[in-house]
Amino acid sequence: MALIAVAQSRRTADYLEAIRRAGGEPIEISASIEGSMDVLARADGLVLTGGGDVDPAIYGEERHSTFEAAEPGRDEFEIALVRAAMNRDLPCLAICRGMQVMNVALGGSLVQDIPDQVPGAVNHAVREPRYAIAHEVWVSPDSRTFELLSEHIEDGEVCQVNSRHHQAVKRAADGFEVTATSPDGVIEAMEHTASSFCVAVQWHPENFWRTGEFRTLFEGLVRAAKSRSA
Ligand code: MN
């Protein structure tokens, strides 16, 4: 069984179920759960989850007026998770805020508010229902992201996704390849090409666990985690 550490968020249930449905065994970790770094040390994979904004001071910017902090201690804890995971080449799936944390932890920066900073942006904040399709993304062929999503891609490159974010990756950290963008140019997925499995998406695949549209993302993580633990 592949043990998948999950960075705790206010709403972790869908992530846990999506991992179980993909054959993994999830376990929540956070700055306030004792022994979390020990759990990470014996985990076979990591999922970074959604949540509030990363403090822009970490990437050297002033706070935009829309800034909404994550839970106290979460930025520091999750940055430590990213660095530990990269050092061990731990298979990692980063989702929404998780993608943003990963990018900042490794030296990238963020668009702090899409409606304010991306002219002509599509609506990236469709809150309910959580699995409502909000916009399409264009996925790069020849990427791991494409391979994972292949059964869900139409017209050679188009994938329909949900969207609940007002921030996004601006400058991708070194070593990452952008693998999906929305029609307004917002970065919606990236992957660390030198890692055995390190994929980040800006949408919320975990909200589809009932219908399985994005199960292949979690299955990819679990497969990489299992081959590591074997
Ligand atoms: Mn979006």
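# Exercises on a Predicted Manganese Protein Model

The largest pocket has a lining of 25 residues, and those nearest its centre are Gly50, Gly51, Gly52, Arg127 and Arg164. The model is predicted, so local features need pLDDT of at least 70 and side-chain atom pairs count only at pLDDT 80 or more, while totals for chains, interfaces and linings use all residues. Residues are numbered from 1 along each chain as its sequence is written, and side-chain values use heavy atoms, with hydrogens and water left out.

## Exercise 1: The pocket

Task: Describe the volume and the lining of the largest pocket.

Solution. Step 1: a pocket is an open set of points on a 1 Å grid over the protein atoms alone, with protein on both sides within 12 Å along at least five of seven lines; lining residues have an atom within 4 Å of a point. Step 2: the space in the largest pocket is about 640 Å³, where a volume is the space filled by probe spheres set on the points, joined across faces, edges and corners. Step 3: the lining comprises three nonpolar, eleven polar and eleven charged residues. Here Ala, Val, Leu, Ile, Met, Phe, Trp, Tyr, Cys and Pro count as nonpolar, Asp, Glu, Lys and Arg as charged, and the others, Gly among them, as polar. Step 4: at least two lining residues come from each of helix H1 (13-21) and helix H4 (97-105); helices (H or I, at least four residues) and strands (E, at least two) are DSSP runs numbered from the N terminus.

## Exercise 2: The manganese ion

Task: Which residues are the protein donors of the manganese ion?

Solution. Step 1: donors are N, O and S atoms within 2.8 Å of the metal (3.2 Å for Na, K and Ca); water is not among the atoms, so sites may look incomplete. Step 2: His124 (ND1), His135 (NE2), Ser163 (OG), His165 (NE2) and Glu188 (OE) lie 2.2 to 2.3 Å from the ion. Step 3: the spacing of these donor residues in sequence is H-x10-H-x27-S-x1-H-x22-E. Step 4: serine 163, in the loop between strand S7 (158-161) and strand S8 (168-169), and glutamate 188, in strand S10 (residues 187-192), are 25 residues apart. Step 5: serine 163 is buried because its relative accessible area is 0%, and glutamate 188 is likewise buried at 0%. Buried means under 20% relative accessible area, exposed over 50%, and partly exposed in between (1.4 Å probe, protein chains only).

## Exercise 3: Strand S9

Task: With which strands does S9 pair?

Solution. Step 1: two strands pair if DSSP finds at least two bridges between them. Step 2: strand S6 (residues 135-139) pairs with strand S9 (residues 176-181) in the antiparallel sense over two bridges; tryptophan 138 has threonine 181 in S9 as its bridge partner. Step 3: S9 also pairs with S10, in the antiparallel sense over five bridges, and glutamate 177 is bridged to glutamate 191 in S10. Step 4: five residues separate S9 and S10 in a hairpin, where glycine 185 in the turn has a positive phi of about 90°.

## Exercise 4: Aromatic rings

Task: How many aromatic pairs are there?

Solution. Step 1: rings of Phe, Tyr and Trp (its six-membered ring) pair if their centres lie within 6.5 Å; planes under 30 degrees apart count as stacked, over 60 as edge-to-face and the rest as tilted. Step 2: the count is two aromatic pairs. Step 3: tryptophan 203 and phenylalanine 214 form a tilted pair, 5.8 Å centre to centre with 50° between the planes. Step 4: phenylalanine 208 and phenylalanine 214 are edge-to-face, because their ring centres are 5.1 Å apart and their planes are at 80°. Step 5: Trp203, Phe208 and Phe214 form one aromatic cluster.

Terms used. 1 Å grid on protein atoms, 1.4 Å probe; cavity = no way out; pocket = protein on both sides within 12 Å on 5 of 7 lines; lining within 4 Å.
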